[in-house]
Amino acid sequence: MMVTVHNFSYGLVNPVLGYVMSCLGAFLGLRCITRARAHTGGVRACWLVLAAISLGAAGIWSMHFIAMLGFTIPGQTILYNVPITIVSMLIAIAVVGIGLLIVGYGNGGWGRLLLGGVIVGIGVATMHYLGMAAMSMPDTMRYNVPLLALSVVIAIVAGTAALWAGTRVRGIGATVVASLIMGVAVSGMHYTGMAAMQVYPDATMSAGSMAAMSGASAVSFIVPLLAGISLLMFALTLTITLSPNETEIHEDAILQRRMETEFAAGPRVHPGQFAPRVVASDAFTPVRRSPRDGGGADDLPSRR
């Protein structure tokens, strides 16, 4: 006989908070990617690392454990293995970073996008089930294989969609929409994985062995860690807000190029003419469009 578990012990509080955190992490991560698109070399890599932290730690991992705070088993105390839980967070950040680097330094082809999406998806699924393995309880966990496979497929689709959005989305409105969709995908993957979990009583578990279980409670460990990630997201928000956006970076590059051309030997650049923008041709190279063509606010030069 399976043990009764509750995924919504506090009603919609945990799912809603987890979804909001996932959307916020996705939004900040996508805004970091827009900055990365305007740079090359090490500066681009730095922005992609920030995007990986935002997407992996806040958009994925935090959503998972905020939802886990609503997971209870009547009459039992669930503890968490601290090292395994932290490793699961680092895995989420690492696989998102690998996927972003594969796509960010590629040529925009579907091959790299799909490869990155598979790596991110499998990594996110690994993070989820490693986080589940970090739980210490007197019962035994098993998984429904079809639902487990479905959760992995959802993770791969979500990872691929996130990488695709990173190479295409530019305007604030489009970024918000993409973040809301990514939040749905991450939440869907989590609760599909939770539906796959089946808990059975362990006949070999005695009262003494239950008392000897090690680990930290959710309140003493996960809640402070989530608070720390929230402060990190606040700092990242300030960093993004104070940094020039993609359009401003390109305008500065054009101005610098014009100044170099003015003082360099050779044909003079006359007023009203723009020198070619020197940006590597890759997946992040933007296409400047007008609002009439469906472009966003970041696609046009800003008025100063």
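Begin by selecting the helices around the largest cavity: α1 (13-37), α2 (41-68), α3 (82-104), α4 (110-133), α5 (145-168) and α6 each supply at least two residues of its lining. Helices here are DSSP runs of H or I with at least four residues, strands are runs of E with at least two, and both are numbered from the N terminus. The model is a predicted one, in which local features need pLDDT of at least 70 and side-chain atom pairs count only at pLDDT 80 or more, while totals for chains, interfaces and linings use all residues. Residues are numbered from 1 along each chain as its sequence is written, and side-chain values use heavy atoms, with hydrogens and water left out.

**The largest cavity**

Rolling a probe the size of a water molecule over the atoms shows where empty space is left. On a 1 Å grid over the protein atoms alone, a cavity is a set of points where a 1.4 Å probe fits but cannot get out, whereas a pocket is an open set with protein on both sides within 12 Å along at least five of seven lines, and lining residues have an atom within 4 Å of a point. Grid points are joined across faces, edges and corners, and a volume is the space filled by probe spheres set on the points.

By this rule there are four cavities of 30 Å³ or more, and the largest has a volume of about 210 Å³. Select I60, A158, A162, M182 and V186, which lie nearest the centre of this cavity among its 18 lining residues. Helix α5 gives the largest share of the lining, five residues. The lining divides into 15 nonpolar, three polar and no charged residues, where Ala, Val, Leu, Ile, Met, Phe, Trp, Tyr, Cys and Pro count as nonpolar, Asp, Glu, Lys and Arg as charged, and the others, Gly among them, as polar.

**The second largest cavity**

The second largest cavity holds about 90 Å³ of space. Select V103, G108, G109, L113 and T167, the closest to its centre of the 13 residues that line it. Helices α3, α4 and α5 are the elements that give two or more residues to this lining, which consists of six nonpolar, five polar and two charged residues.

**The largest pocket**

Of its 14 lining residues, Y10, L69, F71, T72 and A218 are the closest to the centre. Helix α8 (residues 218-242) gives the most to this lining, with three residues, and the lining as a whole has ten nonpolar, four polar and no charged residues.

**Two single residues**

Now select H190, which is found in helix α6 (residues 172-196). H190 is buried, with a relative accessible area of 2%, where buried means under 20%, exposed over 50% and partly exposed in between (1.4 Å probe, protein chains only). Leaving out residues up to four places away in sequence, H190 touches M63, H64, A67, M68 and H128, a contact being heavy atoms within 4.5 Å.

Then go to Y200 in strand β4 (residues 197-201). Beyond four places in sequence, Y200 touches M1, M2, V3, D139, T140 and R142; Y200 and R142 are 58 residues apart in sequence and 7.7 Å apart in space, C-alpha to C-alpha.

**Confidence**

Finally, colour the model by pLDDT, the predictor's confidence in each residue, from 0 to 100. The mean is 82, and 83% of the residues reach 70 or more, but pLDDT stays under 50 over residues 296-304, for which the model has 27 contacts beyond four places in sequence.
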